[in-house]
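Please read the points below with the sequence and the model open. They go from the overall fold to single residues.

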Amino acid sequence: MIRRPPRSTQSRSSAASDVYKRQGSRYIEKALFGFYNMCLAFALRRKASEHKDALRPLEKLWGTPIEKVIKKIRTMRDFERYFTVGVQGFTTVDEFIHHASLGYKLKGIRVPTFLFSATDDPTLPEEHLPYE
């Protein structure tokens, strides 16, 4: 559990981490009106363009030239769909996000652990933090 600073009396369910694993990436898409998501996607498009020769073998997986795939990337989910899901053996973006999320793994920690996160972190919204 994450301890909230004493200024708050709000209580949160430990199920919040389960909610996060389903909604965290959707939150990133909407955070700051999608600006954060667009900036990340733009940076990844630029990197993919810089390394498109190394990525050419993926054209067989997609059946589409790398240049067309790069142009389709507008969000992080788009990037995950093309560059993570099929390449890593997942069938959907949501399946990948589930496996990449720590939400369901946190409950398995058996030793005392201190975790902290900023309440304004766009990748982990405050309402999904499991407070004690």
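Notes on the predicted model

1. The chain contains seven helices and zero strands, where helices (H or I, at least four residues) and strands (E, at least two) are DSSP runs numbered from the N terminus. In sequence order the pattern is α-α-α-α-α-α-α. The model is predicted: local features need pLDDT of at least 70, side-chain atom pairs count only at pLDDT 80 or more, and totals for chains, interfaces and linings use all residues. Residues are numbered from 1 along each chain as its sequence is written, and side-chain values use heavy atoms, with hydrogens and water left out.

2. Of the 132 residues in the chain, 32% are buried. Buried means under 20% relative accessible area, exposed over 50%, and partly exposed in between (1.4 Å probe, protein chains only). Contact means heavy atoms within 4.5 Å. Among contacts between residues at least 6 apart in sequence, 59% join residues at least 24 apart.

3. Helix H2 (residues 35-50) and helix H6 (residues 76-88) have axes that come within 8 Å and cross at roughly 35°. The axes are lines fitted to C-alpha atoms, for helices over the stretch in contact, and angles run from 0 to 180 degrees between N-to-C directions. On the H2 side the contact is made by Asn37, Leu40, Ala41, Leu44 and Ala48, and on the H6 side by Met76, Phe79 and Phe83. These residues divide into seven nonpolar, one polar and no charged. In this scheme Ala, Val, Leu, Ile, Met, Phe, Trp, Tyr, Cys and Pro count as nonpolar, Asp, Glu, Lys and Arg as charged, and the others, Gly among them, as polar.

4. Two residues of H2 can be followed individually. Leu40, in helix H2, is partly exposed with a relative accessible area of 31%. Leu40 and Phe79 are 39 residues apart in sequence and 9.7 Å apart in space, C-alpha to C-alpha. Ala48, also in helix H2, counts as buried at 4% relative accessibility. From Ala48 to Phe83 the separation is 35 residues in sequence and 9.5 Å in space, C-alpha to C-alpha. Leaving aside neighbours within four places in sequence, Ala48 is in contact with Leu55, Ile70 and Phe83.

5. A search of the whole structure finds four aromatic pairs. Rings of Phe, Tyr and Trp (its six-membered ring) pair if their centres lie within 6.5 Å; planes under 30 degrees apart count as stacked, over 60 as edge-to-face and the rest as tilted. One of the pairs, Trp62 with Phe83, is edge-to-face, at 5.3 Å centre to centre and 80° between the planes. Trp62 lies in helix H4 (residues 59-62) and Phe83 in helix H6, so the pair ties together parts that are 21 residues apart in sequence. Trp62 and Phe83 are both buried. Ring pairs link Trp62, Phe79, Tyr82 and Phe83 into a cluster.

6. The structure has six salt bridges, each a side-chain nitrogen of Lys or Arg within 4 Å of a carboxyl oxygen of Asp or Glu. One of them joins Glu50 and Lys47 (3.5 Å, N to O). Glu50 and Lys47 are three residues apart in helix H2, so about one helical turn separates them. Lys47 is partly exposed, at 46% relative accessible area.

7. Arg56 forms a salt bridge with Glu67, with the closest N and O atoms 2.7 Å apart. This pair links distant parts of the chain: Arg56 is in the loop between helix H3 (52-55) and H4, and Glu67 is in helix H5 (residues 66-72), 11 residues apart. Arg56 is partly exposed, with a relative accessible area of 29%, and Glu67 is partly exposed too, at 30%. Salt bridges that share partners join Asp53, Arg56, Glu59 and Glu67 into one network.

8. Asp94 and Arg77 also meet in a salt bridge (2.9 Å, N to O). Asp94 is in helix H7 (residues 93-100) and Arg77 in helix H6, 17 residues apart, and the pair links distant parts of the chain. Asp94 counts as partly exposed at 40% relative accessibility, whereas Arg77 is buried at 11%.

9. Not counting residues up to four places away in sequence, Glu80 touches Val85, Val93, Phe96 and Ile97.
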